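Please view the sequence and the structure together.

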Amino acid sequence: MMTIQELNEIKERTLKTMELRLQKKDTGKHVLICGGPGCHSSNAGEIKEVFEEKIREKGLDDVKVTLAGCFGLCETGPNVEIYPEGIFYSRIKVEDIDKIVDSHLCKGEIVEELLYEGSIEDGNIKPVSEVDFYKKQVKIALRNCGIIDYENIDEYIALDGYQALAKVVLEMTPQEVIELMKEANLRGRGGAGFPAGRKWETAFKYPADQKYVICNADEGDPGAFMDRSILEGDPHSVLEAMAICGYAIGADQGFIYIRAEYPVAVHRLEVAIRQAREKGLLGKNIFGTDFNFDIELRLGAGAFVCGEGTALMESIEGKRGMPRPKIHRTAHRGLWGKPTIINNVETFANVPAIILKGADWFKSIGTEDSPGTKVFALGGKIKNTGLVEIPMGITLREIIFDIGGGIPNGKEFKAVQTGGPSGGCIPKEHLDTPVDFASLGKLGSIMGSGGMIVLDEDDCMVDIARFFLDFTVDESCGKCVPCREGTKRMLEILERIVNGEGTPEDLDRLESLAETITEGSLCGLGQTAANPVISTMKYFRDEYEAHVYEKRCPAGSCQALLEFFITEDCIGCTKCARNCPVSCIEGKVKERHVIDTGKCIKCGTCMEVCPVGAVIKR
Amino acid sequence: MAEITINGKKYKVEDNITVLEACRKIGIDIPTLCYDDRLEPHAACRLCLVEIVGRGKLETSCSLKVRDGMIIETHSERVIRARKDILNLLFSNHPNDCLTCDKSGDCKLQDYCFEYGIEMGSYVGEKKNYPIDDSNPFYTYDPNKCILCGKCVRVCSELQCTDAIGLENRGFNTKVVTPFDMGLATSKCVSCGNCVAACPVGALMPKKKEKYRYWEINKVRTTCSYCGVGCQMELLVKGNKVVGVEPYKGKANNGLLCVKGRFAYSFINHPDRLKTPLIKKNGKFEEASWDEAYRLIVNKVKEIKGQYGPEAFAGLTSARCTNEENYLFQKLFRAVIGTNNVDHCARL
């Protein structure tokens with residue numbers, strides 16, 4: 001059993017070992033290596049080992065190396081930070097390590113050519129906290145990611161970990177916890193934005209012999225990895241919050257439903273649960289009280305729909321993952337018919353901070369309607385691909401251009417897709433919209449779980465809608481007719497349109513189908529499945545019409561509607577003709593060449609090899 | 001009691017019932033394909049959608065409890081539009097073969113398409129194309145006609161408790177299958193046919209020995225004669241011939257039957273069936289009248305009882321008799337003949 005005194009002792013003791021990275025001490029060095037999803041898969045583990053080996057060789061006793069959670073700037077990974085200066089190295093390869101060890105760690109000389117390009121401004125080197133990408137971010141859910149060693153519970157405890165749980169079980173009644181959560185107005189970060197405090201209250205008030213807490217970690221939106229980063233970088237924040245929720249509603253059992261495709265997160269959670277049990281922070285008589293709480297993992301088998309609360313519960317129960325009719329609230333009758341609270345990873349990650357710092361602090365961040373922060377996974381045509389946590393209410397423009405660094409290769413911004421397959425595309429005229437639940441909803445998109453995919457002038461909006469529909473058709477569970485049959489027909493129509501076979505009636509059919517699917521589907525997946533189509537038809541109808549009436553793709557992206565053409569600039573070098581795999585280009589030396597469009601397979605080789613840019617797509 | 005308004009008229013209905021149940025009690029017809037009052041609400045076919053004033057989305061009436069003050073529109077323009085499109089989607093992925101389909105006349109999809117004016121499925125594209133499973137001796141399964149209402153699966157699991165079938169794959173490729181889709185003959189199906197009875201379309205059909213149309217038959221309600229449970233069923237009679245059996249929702253069986261009651265009816269019209277008592281005369285059975293037979297039995301009983309006493313008798317009755325018949329049988333042995341030597345095959 002852990003007492004509050006013991007918890008504080010661990011905190012004080014461990015804080016001493018973390019002073020360098022918290023910039024409270026300036027003798028010695030601490031190398032932090034990003035162990036987030038992106039950097040992990042691009043060799044962070046080996047980089048750590050090589051650093052340790054080199055440091056041993058050099059006999060640098062005051063240099064510590066730690067693999068931490070996601071730094072966020074995945075675009076430039078593998079990333080390495082060196083403290084106490086807070087120097088940010090990016091795209092580090094194993095062979096770069098010698099240089100960093102020799103000059104930075106041994107001599108204190110920064111290796112400028114390996115620095116993250118954004119950390120040099122007017123010849124001055126900025127610490128990581130001053131870099132544009134991080135400057136506007138406010139971290140609550142990701143507060144420990146990239147700072148602590150995710151496999152060391154003591155480091156979590158050092159940064160006030162499990163203090164919130166101690167405060168709750170020792171000093172507060174369940175009602176007080178719920179009141180605090182309601183006051184803070186933490187809205188569900190899984191996408192729907194339902195206030196967590198109100199949900200907890202519903203379960204609290206419903207008497208039952210058994211209640212459950214579930215953490216929904218079945219993150220499945222294409223390109224989204226917010227929850228994964230939290231679980232991999234700071235697993236204890238979720239465990240602590242689930243225990244707090246258990247105390248508030250009267251549950252003693254929690255489940256984390258996590259996709260099996262996240263083996264690293266699963267492993268780190270297993271380690272974290274084991275450590276928390278060993279320390280008595282999970283299990284019986286937590287902090288010497290009669291409060292018991294334990295957590296088990298349940299692995300999903302790869303169905304997107306299991307991120308839907310009731311389908312997830314069916315899956316935990318061992319049944320086929322299909323959503324239930326909403327005849328009962330899950331806070332009344334959820335898992336095995338018992339009152340169940342299900343919250344998303346990011347929602348839970350906010351809870352300990354709210355308990356410790358209070359509702360007023362939380363509400364001072366973000367907007368009145370949507371307090372706090374939101375984590376987004378930036379992807380697509382954006383310079384700084386990665387993970388960001390921003391206060392609610394900042395504009396899309398700030399996220400995409402100030403934090404995200406704008407569009408690469410001098411291309412023009414076209415739209416941003418938020419909310420994954422349930423969301424919509426927001427065009428540039430709405431770039432100054434604040435990011436909060438209501439504002440994004442008004443534009444026909446949703447906050448969603450936090451996917452944000454940026455599209456540029458080369459992206460065809462019909463094809464983007466087709467891409468998301470393709471995903472939804474694949475992931476529909478097949479239970480209800482509008483989603484099972486309707487999304488399939490919608491996809492077929494979109495496929496016809498991008499292939500230049502669409503008819504004007506197809507546009508009407510799309511609109512009518514969108515209405516049926518939205519109004520008639522059983523669960524959130526179906527009810528929002530048409531959003532990518534509805535929003536692109538609303539803002540980019542001209543592109544749909546160009547495909548249908550003119551058989552033309554304005555973005556030059558739909559292969560079937562493209563034609564390769566050789567302009568007058570052709571110098572007759574014959575390179576295109578020689579490289580064409582189907583020999584469809586003819587022309588004499590030093591004369592303009594011609595493509596036989598009937599034979600052309602639109603592979604684009606001619607365009608690539610032309611030395612004067614005479615081959616164009618039109 | 002809750003006071004609700006349906007289509008502009010006020011009604012008082014019981015609390016804790018669904019909108020669909022309320023409408024059915026009042027006599028308002030709401031189409032359903034996946035609903036079965038013996039099963040948990042499934043809310044999959046979405047045909048029972050209704051509009052609730054003050055709520056954004058349409059709601060399925062099968063899974064929505066009535067609340068005091070609720071204002072419900074069951075046939076508003078918005079509701080009808082949605083139902084039509086849903087039927088259109090279903091029919092677009094369904095064979096257009098009502099002319100030759102055995103289910104014609106008893107098919108809910110056909111009825112609703114007629115009611116809502118869906119002449120053809122207007123969505124073109126991929127259609128189901130699966131082989132028909134006729135490996136079961138009593139019924140066939142045509143997945144191409146299946147509308148995935150899930151009733152068969154739920155009846156098999158929730159009522160029959162056999163769990164022989166389930167759903168496989170996702171989305172458009174979802175299919176009702178036996179484990180590993182190896183066919184009905186390989187499954188633990190007990191051929192009770194309760195899935196067949198629940199199927200609203202022609203996907204699960206009894207194998208017929210005789211062609212008939214539903215409008216050609218008379219339904220005759222009777223009690224199953226195979227055992228003493230007293231299952232209620234309807235004989236489907238074409239002309240003077242029993243051509244099929246359907247379960248009836250009686251108290252004892254709640255719309256379920258077993259393989260014998262459901263499919264073993266062809267003895268009724270079999271040429272070998274005994275229709276009169278037979279008495280052995282000169283070593284050969286000969287047809288006799290009931291009076292003649294009773295007389296013989298009475299005389300023999302009297303003779304044996306006088307000569308050897310009542311303990312010389314033993315009676316064995318059949319599980320195919322009803323409870324009432326079995327009661328009378330033991331009464332005959334105990335009170336008339338005077339012996340307790342009476343038993344029943346179901347006890348062995």
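The crossing of H10(A) and H12(A) is left-handed, a term used when the near helix is turned anticlockwise from the far one by less than a right angle, right-handed being the clockwise case. This is a predicted model, in which local features need pLDDT of at least 70 and side-chain atom pairs count only at pLDDT 80 or more, while totals for chains, interfaces and linings use all residues. Residues are numbered from 1 along each chain as its sequence is written, and chains are lettered from A and ligands numbered from 1 in the order in which they are written.

Two packed helices are described by the angle between their axes and the distance between the axes. For helix H10 (residues 226-233) and helix H12 (residues 263-278) of chain A, the axes come within 8 Å and cross at roughly 35°. Axes here are lines fitted to C-alpha atoms, for helices over the stretch in contact, with angles from 0 to 180 degrees between N-to-C directions; helices (H or I, at least four residues) and strands (E, at least two) are DSSP runs numbered from the N terminus. From H10(A), A:Arg228, A:Leu231 and A:Glu232 meet A:Val264, A:Ala265, A:Arg268 and A:Leu269 of H12(A), contact being defined by C-beta atoms, placed from the backbone, within 7 Å. By class, the residues of this contact are four nonpolar, no polar and three charged, where Ala, Val, Leu, Ile, Met, Phe, Trp, Tyr, Cys and Pro count as nonpolar, Asp, Glu, Lys and Arg as charged, and the others, Gly among them, as polar.

The domains of chain A, with bounds from an automatic or database domain assignment, include domain 3 (373-456) and domain 4 (461-549). Their centres, taken over C-alpha atoms, are separated by 22 Å. Domain 3 of chain A gives 12 residues to the contact and domain 4 of chain A gives 15. On the domain 3 side, strand S13 (413-418) and strand S14 (424-427) each supply at least two residues, and S14(A) has the largest share, with three.

A:Met461 lies in helix H18 (residues 461-475) of chain A. Which residues does A:Met461 contact, leaving aside its neighbours within four places in sequence? They are A:Ala415, A:Cys425, A:Thr536, A:Phe540 and A:Glu543. A:Met461 is buried because 29 other C-beta atoms lie within 10 Å, the cut-offs being 20 or more for buried, 12 or fewer for exposed, and partly exposed in between, with C-beta atoms placed from the backbone.

Between chains, the contact takes 27 residues from chain A and 26 residues from chain B. H19(A) gives the most to the chain A side, with eight residues.

Note on methods: Two residues are in contact if their C-beta atoms, placed from the backbone, lie within 7 Å.
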